[in-house]
Amino acid sequence: MPSRVPSLRMLRSFFTDGSLDSLGTSEDARSKRHSTSDLSDVPFSAVRKEGWLHCKQILTKKGKAEDREDMLAWIKVIRENSKAEGEDPGFASQALINKKLNDYRKVSPAGAKPDASPKASRGLGTRAEFLKQTGTSAPRSPGQDAAVTKDESSSQKAPWGINIMKKNKKSGPRAFGVRLEDCQPAPDNKNVPLIVEACCKVVEDRGLEYMGIYRVPGNNAVVSSLQEQLNKGATEINLQDERWQDLNVISSLLKSFFRKLPEPLFTDDKYNDFIEANRIEDASERMRTLRKLIRDLPGHYYETLKFLVGHLKTIADHSEKNKMEPRNLALVFGPTLVRTSEDNMTDMVTHMPDRYKIVETLIQHSDWFFSDKEDKGEKVSPLFSP
């Protein structure tokens, strides 16, 4: 073994400067023991015995690699000894390997091709091929390392972000401009839209004695704001929101909901039947026909009409304070509820009295129209209006 092992500082000076002077006189003395003829006979075991730095010094000053395989073998031994001595392979080994490769390229005869498979020669250079054989990778700059780290971090976070999205609470359906069966249902009645139940509750809690309820319109900007919020798919309604404190806004919101229904509450296919039933001269026959038509409405439409008419009946019961008798409420809700999806001016003019009368009759006799007693064999005779 050599009597003196060069320090890491000396090694770095050697690799960065490409000079042998910094190694000191002790290494020069040992190099004199070897001649040019000895270089080709230096076995790999001598590298481990004498020290790879000592053999490198001789090889750099005096020797040349005989062929490509010899050069690769020397580089392999240098790298193995570099790792054994605990040096930084990214600094010491790579610098020495680069120098050996340069020496090999200088002494290779012009036009000579290395002994490598055609596939390897097409895809890899000498340096790249060696790195592939030894299982190491080329050194990267700090910027490249940072980019790779960022990409790896992004790939790790992607599944996490997807999971978070999946866990988010699913938004509800729109509230305005959709069919009744597609609306967000009320908690207590799945066939009644949430928006209808909320509006009626607010009015009954604070507006039973409010004069002109449903007749006085609310602020259009605030009504539109609430419509946009509800159309985003809100599954719950915050009745403490200040926009829900204005009774005129809430009454206008309820009327707007029924006005925007693509399938009116009395349905397109039964509209003409309701108009004809209202024109029956015999009062008893007229009432029975209307009641049958109402019972034949689809489930969501029947339940919503029953809920709304019950609410309007409650409003009418307080007409002494709010001045909204059944007829006044019919004037407000008749054109909104009893219509077709493609309402035309002719129908609006010729059928307007019928629309008023149908809604007024439902409010006046709501208990009879929506009672189940007659279905059980009990006949009820309402006090028919003239």
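**Close-up 1. R179, E181 and E263 are joined in a network of salt bridges.** This close-up, like those that follow, shows part of a predicted model. As a general point for the reader, side chains of opposite charge can pair when their charged atoms come close.

**Close-up 2. E263 sits in the loop between α13 (247–259) and α14 (268–278).** The side chain of E263 reaches the backbone nitrogen of D268 at a distance of 3.0 Å. When residues up to four places away in sequence are not counted, E263 touches R179, D268 and Y301.

**Close-up 3. Helix α12 (residues 220–230) has V223, L226, Q227 and L230 as its buried residues.** Seen down the axis of α12, these buried residues fall within an arc of 100°, and therefore they line one face of the helix. That buried set packs against α11 (194–206) and α13, whereas A221 and E228, on the other side of α12, are exposed. The N-terminal end of the helix is capped by N219, which has a side-chain oxygen lying 2.9 Å from the backbone nitrogen of A221.

**Close-up 4. Y214 belongs to the largest nonpolar core.** Which members of this core of 63 residues touch the most other members? They are Y214 and W244. Leaving aside neighbours within four places in sequence, Y214 is in contact with residues including V203, L254, I315, L329 and F333, and its contacts also include S251, K255 and H311. In soluble globular proteins, nonpolar side chains tend to be buried together.

**Close-up 5. E360 and R327 meet through their side chains in a salt bridge, at 3.6 Å from N to O.** This pair links distant parts of the chain, for E360 lies in helix α19 (residues 345–364) and R327 in helix α18 (residues 326–337), 33 residues apart. The salt bridges in the structure come to 10 by count, and another of them joins D317 to K313, where the closest N and O atoms are 3.0 Å apart. K313 is partly exposed, with a relative accessible area of 24%.

**Close-up 6. The structure holds 6 aromatic pairs.** One of them, formed by F266 and F274, is edge-to-face, with 4.8 Å from centre to centre and 90° between the planes, and both F266 and F274 are buried. The rings of Y302 and F370 form a tilted pair, because their planes stand at 55°, and their centres are 5.7 Å apart. That pair links distant parts of the chain, with Y302 in helix α16 (residues 299–316) and F370 in the segment after α20 (366–369), 68 residues apart. Y302 is buried, with a relative accessible area of 11%, and F370 is buried as well, with a relative accessible area of 7%. Elsewhere, ring pairs link F176, F257 and F258 into a cluster.

Methods: Residues are numbered from 1 along each chain as its sequence is written. This is a predicted model: local features need pLDDT of at least 70, side-chain atom pairs count only at pLDDT 80 or more; totals for chains, interfaces and linings use all residues. Side-chain values use heavy atoms; hydrogens and water are left out. Helices (H or I, at least four residues) and strands (E, at least two) are DSSP runs, numbered from the N terminus. A polar contact is a pair of N or O atoms within 3.5 Å; within protein, one must be able to donate a hydrogen and the other to accept it, and residues adjacent in sequence count only if both atoms are side-chain atoms. Contact means heavy atoms within 4.5 Å. Buried means under 20% relative accessible area, exposed over 50%, partly exposed in between (1.4 Å probe, protein chains only). The arc is that of the directions from the helix axis to the C-beta atoms. A nonpolar core is a set of buried Ala, Val, Leu, Ile, Met, Phe, Trp, Tyr and Cys residues joined through side-chain atoms within 4.5 Å. A salt bridge is a side-chain nitrogen of Lys or Arg within 4 Å of a carboxyl oxygen of Asp or Glu. Rings of Phe, Tyr and Trp (its six-membered ring) pair if their centres lie within 6.5 Å; planes under 30 degrees apart count as stacked, over 60 as edge-to-face and the rest as tilted.
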